[in-house]
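Here's a quick tour of a structure, taken one topic at a time. Have the view open as you read.

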Amino acid sequence: MRAAAVTGTGQTRYASRRDDVNVCEMAREAALRAIQDAGLRPCDIDAVVVGSGAEVFEGINYPEHWLAPAIGATGKPVMRLQTGGTAGASATIAAFHHVISGLYDTVLAVAYQKLSDNSSRDGLSTCFDPLWDRDFSCPPVVLAGAQSRQYLDRHAPGVTEEHGAMVAVKNRGNAALNPYAQLTEPVTVEQVMSSPPASEPLKRLDCCPMSDGAVAMVIREGREARRSCARPAWFAGMGACSESYYVPHVDMAYPESCVRSAQQAYQMAWVYEPFKELDVAEVFDAFSFQELVWCEALGICGPGEAGKLVESGATAIDGSFPVNPSGGVLCANPVGAAAMVRQAEAAMQVMGRAGDHQVPGVQKALAHAWGGALQFSTVTIFASEL
Amino acid sequence: MSKGAELAIEPPELTELRVQSISEYSWSTGEVTGSFLGALQKHGKILGAVCSGCGRVAAPPLSYCESCGSGISDYKEVGPRGVVMSWAGAPGDTEGAPLDGPFRFILVRLAGADTEMVHLAPDDERIRIGAAVRPEFRPAPERTGSITDIRWFIPDESGPDPEPGER
C-alpha cells in the first residue's frame, strides 16, 4: 500500500443562504482554494471524487454531471458518493483508495451542500424508508432528542443537561476563532438552558444551524506529498462502518458503528490509548449531546464520563484534549460536506494551518462523522509522520 | 469599471428560480411487510418475524435478520403491550409533521419482540423511558394497510411497567 497525505484544503464560508453563488460555483470556490493551498493548478489533478448528501436537498438528481466542469474534472474521471452525513468523509475515503491503490497520484475530493435551496424538512422526509418510517418522519432534531434522552437516562446523574450546554458554549467560543464558521456569537450555559425547547431535552442552542457551504482537499501520493508540501497530513488510520438503517435497532447512546470504525482506525494507526496518543479531535456534533456520545464511543473517555470531561475543561481549545477547535457542526452544518469539514480541520491542525484556532504542536488528529439516521460512521486519523 | 457598465447591465435582481416538483411513486412492500400490513389492517394484529438463524424476533418484521443476516422462519404475534425505550418531544407545528399540535416521538419494544419500533404518543407526562404503553388502533373501516393504522401508543396502566427487554 502506498502512503497518501492531504497537501491542501479549501473551504467556503458557511452561511444560512449563499444567494451569490449556485451549487457549482460554491463547490468551485472550495475546490480552487484547496488546489491553490496545495500549490497546484487544476491541470495537476488526476481524478476527482465528489461527496454530497441526498439529491433531494437541492432537487438536482445526478448533480455531478453539472458540477464536474466547474471543479476542474473535465477530461478526468469523476465519481460521486452519497452516505448522508458521512458523504464528505466517504468521498475522502474513495480518494484515499484512488491514491494508495496506485491508480492516481493526485486526487481532489470535493463535498458540498446547499440546504437553503429547499425546505429541508420536506426533503428529509423522503430519505426515510417509505414502508415503516416515513409516516413518522420527524426532523433530525427529534431523532437527536430521543438519542439525548437515551444517553442522559443511561448515565444519570453523572451526565446532565448542563453538560450539553457546556459543549454548546465551548464550541461557540471556538467558532469565533474560525473565519468560516456560521454561528460565532458567544453564549452562556444559562442562555443555552433557557433557550426555547427544540425537542425535549434539546434546547434551540443545543442544535446546529442549516448551512450552505463546500469543502475540498487535495490528496497526494507519498513522494509527491513530501516534494510539494512542507508538512503534509498523512493518512495514518481509517475506519468506516454501518449498522441498521432503522433507528430503534441502533444503540443511540453508544452506536456500534462508531465504536467499530474507531477500532479499525486505531488499529491501522497503532493507537492504543486515544486520549494520550491523539492531540485533538473534530467530531460530528450536530447536537450538543452528540459530542459527549462520540467522545465515549470513540474511546476518548469511558461510557458516562464525557460530562465530567467537558466540565473539567479538558476538551476546551486550551485543554489537554481539545475537541472541535473549529466550533464543530454546532456552528455550521452543510450536511453532505460537514464530514469532510471535520477531516479538513483535523488535517489543518496537523499541517499547522488552522490559524487562530490552531492547537499548538499537533502530531495526531482524529476526524469523526455520522450519517444516515446514526447508521454510518467514519473515523480518520491524520499524523505529521508515518 | 464594473462588469457590464458599458452595456448598461444592472446587478441581477433575479437570484432565485422557484420550482415545485411533485412525483408519484408506488412502492412495493414485499411479502413480509405486506403480511404485516395486512394483519394490521384486517385483524388489528402486530406481527414480528422470527429469524431462522438466531431466533431473534423483529417487530416490525423484515425478511432478513439485521443481527445475523439469515432469512426468517415464521411470523409471531407480538404486543400489543410494549415498553417505551426512548422518546423526544416534538412540537408538531412544523410543515409536514405527522400530527397537529405537540406529540411525543417514541421507540417502543412490544412484548415478545427483541427489537423496537418507531411510533408516536400523546404529549403526556406518563410517556417516559420504561413506561408501559399499548397501541390505539384506528376503527377498522378507516384503516388503509399502513403503519398509521395504529394511531399512536397510549399509556397502559393495567399492570406494572415491564422491565426493558422483558419477553
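How much area is buried between chain B and chain A, and what percentage of that area do carbon and sulfur atoms give?

## The interface

About 2900 Å² is buried between chain B and chain A, with 63% of that given by carbon and sulfur atoms. Buried area here is the accessible area (1.4 Å probe) that two parts lose on being put together, summed over both. This is a predicted model, in which local features need pLDDT of at least 70 and side-chain atom pairs count only at pLDDT 80 or more, while totals for chains, interfaces and linings use all residues. As for bookkeeping, residues are numbered from 1 along each chain as its sequence is written, chains are lettered from A and ligands numbered from 1 in the order in which they are written, and side-chain values use heavy atoms, with hydrogens and water left out.

On the chain B side, 38 residues are in contact with 30 residues of chain A (contact means heavy atoms within 4.5 Å). You'll find zero salt bridges between the two chains, a salt bridge being a side-chain nitrogen of Lys or Arg within 4 Å of a carboxyl oxygen of Asp or Glu. The rule does find seven residue pairs in polar contact across the interface, both residues at pLDDT 80 or more. A polar contact is a pair of N or O atoms within 3.5 Å; within protein, one must be able to donate a hydrogen and the other to accept it, and residues adjacent in sequence count only if both atoms are side-chain atoms.

## What chain B brings

Four elements of chain B, α1 (31-43), β4 (82-90), β5 (103-110) and β6 (116-122), each supply at least two residues of the side that touches chain A. Helices (H or I, at least four residues) and strands (E, at least two) are DSSP runs, numbered from the N terminus. β4(B) gives the largest share of that side, six residues. Sorted by class, the side of chain B that touches chain A has 20 nonpolar, twelve polar and six charged residues. For those classes, Ala, Val, Leu, Ile, Met, Phe, Trp, Tyr, Cys and Pro count as nonpolar, Asp, Glu, Lys and Arg as charged, and the others, Gly among them, as polar.

## Two helix pairs in chain A

In chain A, helix α3 (residues 87-100) packs with helix α13 (residues 335-351) at about 60°, their axes 5 Å apart. Axes are lines fitted to C-alpha atoms, for helices over the stretch in contact, and angles run from 0 to 180 degrees between N-to-C directions. α3(A) and α13(A) are therefore oblique to each other; angles under 35 degrees count as roughly parallel, over 145 as roughly antiparallel, 65 to 115 as roughly perpendicular and the rest as oblique. The residues that meet include A:Ala87 and A:Gly88 in α3(A) and A:Gly336 and A:Met340 in α13(A). By class, this contact has five nonpolar, four polar and no charged residues.

Helix α6 (residues 161-175) and helix α11 (residues 288-297) of chain A have axes that come within 7 Å and cross at roughly 100°, which makes α6(A) roughly perpendicular to α11(A). Among the residues making the contact are A:Glu161 and A:Lys170 of α6(A) and A:Phe289 and A:Glu291 of α11(A). This contact has four nonpolar, four polar and three charged residues.

## Local details

Over all chains, the whole structure has 29 salt bridges. One links A:Arg227 with A:Glu224, the closest N and O atoms being 2.5 Å apart.
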